[in-house]
Amino acid sequence: MTRTPVQNPAGRHGRPAYDRDSLLEIAVVVFNERGYDGTGMEELARRLGLSKSSIYHHVSGKEELLELAVNRALDALFAVLDEEEKQTRGPGGGSPETTATARMKRIVHRSVEVLAAELPYVTLLLRLHGNSEVEQRALARRREFDHRVAELMSRAAAEGGIRADIDPHLASRLLFGTVNSLVEWYRPDRDLTVSTLADALTTILFDGLHGRAAD
């Protein structure tokens with residue numbers, strides 16, 4: 001989703017005016033195009049049509065922009081896990097809809113929706129290399145996410161909802177490796193709704209491509 005910068009007709013010297021969110025959106029586009037390490041403040045200023053001092057009015061530097069961006073992606077993904085935990089603790093926590101297997105399916109489905117909604121931010125997150133403290137903190141949060149998913153995969157296997165002969169950590173990495181691969185080719189398209197994409201991916205991941213006729 002791309003928003004235009006917040007324009008201020010009375011801005012100084014006729015330059016566009018940005019709030020922090022709209023500045024962040026442009027910065028993420030540039031980071032994804034050029035790579036975070038390959039993007040300097042001069043390039044950001046040029047693309048924004050601002051002076052570097054105007055950018056510093058909103059953020060301390062490109063490191064803060066990176067942290068804001070990847071935390072936006074991570075917060076959205078962790079919210080999916082937290083939603084499922086809240087539903088499990090609520091009334092009817094033992095119903096079939098709240099089994100570990102059902103929860104995993106919903107988590108995968110919702111993760112596709114998050115990826116589509118926050119595509120530039122998730123793309124940036126997945127391209128981190130751990131070259132800075134900001135990146136290392138983000139990668140640590142990704143590992144925490146993977147660990148929580150693997151724990152849920154273990155419970156799903158124990159209840160017989162998914163295969164028990166595959167290591168849950170490996171299974172979760174394969175699941176989300178497939179989900180994450182969407183950043184390489186998915187683009188918003190009227191002919192492929194997010195709901196259709198999430199339904200198809202969840203079905204393939206949990207039911208496979210095995211045709212009924214082959215049973």
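## Packing of helix 5 against helix 7

In this predicted model, Ala100, Thr101, Arg103, Met104, Ile107 and Ser111 of helix 5 are in contact (heavy atoms within 4.5 Å) with Phe145, Val149, Leu152, Met153, Arg155 and Ala156 of helix 7. By class, 8 nonpolar, 2 polar and 2 charged residues make up this contact. Helices here are DSSP runs (H or I, at least four residues), numbered from the N terminus.

The axes of helix 5 (residues 100–117) and helix 7 (residues 133–158), fitted to C-alpha atoms over the stretch in contact, come within 8 Å and cross at roughly 145°, an angle taken from 0 to 180 degrees between N-to-C directions.

Leucine 65 touches Leu23, Leu24, Ala27, Phe31, Leu44 and Val59, leaving aside residues up to four places away in sequence.

## Aromatic pairs

Rings pair if their centres lie within 6.5 Å, with planes under 30 degrees apart stacked, over 60 edge-to-face and the rest tilted; there are 4 aromatic pairs. Phenylalanine 31 and tyrosine 36 are edge-to-face, at 5.1 Å centre to centre and 75° between the planes. Both phenylalanine 31 and tyrosine 36 are buried (under 20% relative accessible area, 1.4 Å probe, protein chains only).

Ring pairs also link Phe78, Phe145 and Phe176 into a cluster.

## Basis of the values

Local features need pLDDT of at least 70 and side-chain atom pairs pLDDT 80 or more, whereas totals for chains, interfaces and linings use all residues. Residues are numbered from 1 along each chain, and side-chain values use heavy atoms, without hydrogens and water.

Notes. Helices (H or I, at least four residues) and strands (E, at least two) are DSSP runs, numbered from the N terminus. Ala, Val, Leu, Ile, Met, Phe, Trp, Tyr, Cys and Pro count as nonpolar, Asp, Glu, Lys and Arg as charged, and the others, Gly among them, as polar. Rings of Phe, Tyr and Trp (its six-membered ring) pair if their centres lie within 6.5 Å; planes under 30 degrees apart count as stacked, over 60 as edge-to-face and the rest as tilted. Buried means under 20% relative accessible area, exposed over 50%, partly exposed in between (1.4 Å probe, protein chains only).
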